[in-house]
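Hi,

Here is the structure I said I would pass on. Have a look at it first, and then read on for what turned up.

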Amino acid sequence: MTTIAMTNKPKKPTIDDLKKHLFKYKDATIIVGNDVISDKEMFLPYSDDKHYSRKSMKKTPKEFWDFYEEKIYKEDADSLNKSQQLIEGLIDLGIVKTLVDDNSDGTFSNCNIRYIPLQGNYKVLKCNKCKKEMIYDSSKIDISGKPLTHNMYEDTECDGTIVPTLPFANSIMNADLTEELEEAIFNLDSDEPMHSHTLIFIGVDFDNNIMHYIADKFSTIKNSPQYKSQYPDDTYYIVIVSDGDELPIVAYNADFGTEDKIEDSLGRLSEVLKS
């Protein structure tokens, strides 16, 4: 008599499972990448270390802020494209707890959930002394050979230097943002489960070290036998919406993945969640 070996291979979750999961936990983290705004002409802060650097801001402040006004600031970039509108729709459903933004347009900065701007906001400046943030206004920038200070920009006694919130070329990620990201998703207290049960990557470049780190760590933790035995009743999903790139879907063992156009994929997901 031939015996058939039985395996405990986990059943692949369905889109209906994802819907139930998202509404059960209501703590998803959405990570928004550059491909979401590929239709907008945005300045990449890492692309010009000659004009956009801390050194040029100190040495040639007038030229630096002229460059900022001409090449970086975009008055007409506030309109949402279709993908951004669909992401806002997901937030409105009450299933998203945190939005991690890897863009500098600040589109989601006023969302009513936790917002982590990895690339800052080209419309926002910051005093490096008192840490106050201010809306960029070129009419307030009137300098000659000295770096722009807080008391030059507005009526205050603070003389700290005004800097963009966009990271400079060749700069490393703000340590406070890195820690906030860790706490929001993974939880810094190892005695508790992860804070987010779902990571949804949308148009993300996984060659970016921090994106790779997030996806790899989340995948490793959720699939580890030790974590599964410690929290047997918890379920964790990775969702990757990647425009034409299958590699990250496979590399990070995504539970759900699509290579279709971002707005088409988000549109289908939105329809399922609203049905």
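Ring pairs join Y52, F64, W65, Y68, Y73, Y122, Y136 and F168 into a cluster. Keep in mind that this is a predicted model. Across the whole structure, a search turns up 16 aromatic pairs. One of them is F206 with Y252, a tilted pair with 4.9 Å from centre to centre and 40° between the planes. F206 sits in the loop between β7 and α7, while Y252 is in the loop between α9 (247–251) and β9, so this pair ties together parts that lie 46 residues apart in sequence. Both F206 and Y252 are buried.

Another pair to look at is F218 with Y236: the ring centres are 6.1 Å apart and the planes stand at 75°, which is over the 60 degrees needed, so this one counts as edge-to-face. Here too distant parts of the chain are linked, since F218 belongs to helix α7 and Y236 to the loop between α8 (225–230) and β8, 18 residues apart. As for burial, F218 and Y236 are both buried.

There is also a charge over a ring: the charged end of K217 sits over F186, 4.7 Å from the centre of that ring.

Now for the sheet. What order do the six strands take in it? Reading across, you get β3-β2-β1-β7-β8-β9, in an open sheet with parallel pairing. At the edges are β3 (114–117) and β9 (256–258), each of which pairs on one side only. On average, neighbouring strands of the sheet are turned by 10° against each other, ignoring direction.

V241 has T258 in β9 as its bridge partner.

Helix α7 (residues 209–223) lies across β1, β7 and β8, and runs at about 150° to β7. This is also the helix that holds F218 from the edge-to-face pair.

Cheers

Note on methods
Residues numbered from 1 in each chain as written. Predicted model: local features only at pLDDT ≥ 70, side-chain atom pairs only at ≥ 80, totals over all residues. Heavy atoms only, no water. Pairing = 2+ DSSP bridges. Helix = DSSP H or I, 4+ residues; strand = E, 2+ residues; numbered from the N terminus. Axes fitted to C-alpha atoms, helices over the stretch in contact; angles between N-to-C directions. Contact = heavy atoms within 4.5 Å. Phe/Tyr/Trp six-rings, centres within 6.5 Å; stacked < 30°, edge-to-face > 60°. Buried < 20%, exposed > 50% of the residue type's maximum accessible area, 1.4 Å probe, protein only. Lys NZ or Arg CZ within 6 Å of the ring centre and 35° of its normal.
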